[in-house]
Amino acid sequence: MRRRGHPGAVAPGSRVLLTGWFAFLHGEATAGDVLALERVREVLRRAGVQHDVAWSPGFRPDGPSLTQVRPEDYSHLVFVCGPLHGPQLEELHRRFAHCVRIAVGTSVVDAACPAVTGFHRVVARDAPGTEPRPDLAARAPAAPDRPVAGVILTHGQHEYGARRLHARVAEEVTRWLSGRDCARLELETRLDVRDWRLCATPAQLEAVLARLDVVVTDRLHGMVLALRAGVPALAVDPVEGGAKVTAQARACGWPALVPAERLDAAALDRWWEWCTTSGRGAAQVIAEDFRRGTGGDGTEELLEALGAAGGERPHR
């Protein structure tokens, strides 16, 4: 879509400011928007076009934000991805009135609204009367794989009374996780056939666990089910002095355990590195031991207590 007359191309020494809904204070940064931005940045870098990105302070506090940039420093403004509508865009046109303003990879709902007509050119991904284009995110440069971490935390277990450190453990673990460059997936071992957000069967949960790179958990079954799937578990015992998580790690021969009273970022970092490297092989060895039935798990004594082995009556 072409709008009013185009004042000119990017001249040597000029600078372009890239914006989008990810740049507005109350906007929204989606994965698709940011990937679309990376596609545009890749194209501009290859063409040797100097550019900056304005970010929402709510998403990237280190900026620069739209309020921090000086419009006079830029010859062009490019709005990337998303729908063209609303007062934020109209204000953008007013503030950067001297710039050549271009929208790319955007959706046009009403071609006559000021948010659209304020651009010198609109390269829409979809607009009335035009053929749609593939979204810019589809051809964004590929990034290296990131580990996928399942996170299974408990806030219960009140039976441990004053020894409970669950709240502090959850706070420290989640704060630490927010600084890791990984994909985080919150999981729950509780099953529910009525809530679509929860697994209804153990097999469904195991299908998710098997696709993870690591599980971070302060739950006994979070650790056991991860190891059963051959996935390393970074386990934290949330009970002061150690309780069932520590005992189970010992029973399984699993070393990646952090006691609540010694929980800090350094300990988590150390075991994270191990879990995401050689820990995978160690977890798979334990999973194979589980499948072979190596070692007793108490069922033998159950049969004895029931008198099913040797015909003895259960002890009272």
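## Strands β8 and β9

Strand β8 pairs with strand β9 (residues 233-237) in the parallel sense over three bridges, where two strands count as paired if DSSP finds at least two bridges between them, and where helices (H or I, at least four residues) and strands (E, at least two) are DSSP runs numbered from the N terminus. In this pairing, the bridge partner of Val216 is Leu234 in β9. On the way from β8 to β9 stands helix α6 (residues 220-228), and the three elements make a right-handed β-α-β unit; right-handed here says that, with the strands pointing away from the viewer, the path from the first strand over the helix to the second runs clockwise.

The model is a predicted one, in which local features need pLDDT of at least 70 and side-chain atom pairs count only at pLDDT 80 or more, while totals for chains, interfaces and linings use all residues. Residues are numbered from 1 along each chain as its sequence is written, and side-chain values use heavy atoms, with hydrogens and water left out.

Strand β8 (residues 214-217) sends Val214 and Val216 one way and Val215 and Thr217 the other way, and all of them are buried, a word that stands for under 20% relative accessible area, with exposed over 50% and partly exposed in between (1.4 Å probe, protein chains only). Strand β8 also pairs in the parallel sense with strand β6 (residues 148-152), over four bridges, and there Ala149 has Val214 as its bridge partner.

## The nonpolar cores

The largest nonpolar core has 45 residues, and those with the most contacts inside it are Val173, Leu177, Leu234, Val236, Trp254 and Trp272; such a core is a set of buried Ala, Val, Leu, Ile, Met, Phe, Trp, Tyr and Cys residues joined through side-chain atoms within 4.5 Å. Apart from it lies another core, of 42 residues, including Ala36, Trp55, Leu89 and Leu136.

Leaving aside neighbours within four places in sequence, Leu234 is in contact (heavy atoms within 4.5 Å) with residues including Val216, Ala256, Leu268 and Trp272.

## The five-stranded sheet

Five strands form an open sheet in the order β2-β1-β3-β4-β5, with parallel pairing. Its edge strands, β2 (51-53) and β5 (121-126), each pair on one side only. On average, neighbouring strands of this sheet are turned by 15° against each other, direction ignored.

Seven bridges join β3 (residues 76-83) to β4 (residues 100-107), and Val78 has Ile102 as its bridge partner in β4. Eight of the eight residues of β4 are buried. On its way from β3 to β4 the chain passes through α2, in a β-α-β crossover that is right-handed. Helix α2 (residues 87-95) lies across β1, β3 and β4 and runs at about 170° to β3, where axes are lines fitted to C-alpha atoms, for helices over the stretch in contact, and angles run from 0 to 180 degrees between N-to-C directions.

## An aromatic pair

Nine aromatic pairs occur in the structure. One of them joins Phe79 and Phe119, and this pair is tilted, with 6.3 Å centre to centre and 55° between the planes; rings of Phe, Tyr and Trp (its six-membered ring) pair if their centres lie within 6.5 Å, and planes under 30 degrees apart count as stacked, over 60 as edge-to-face and the rest as tilted.

Because Phe79 lies in strand β3 and Phe119 in the loop between α3 (114-117) and β5, the pair ties together parts that are 40 residues apart in sequence.
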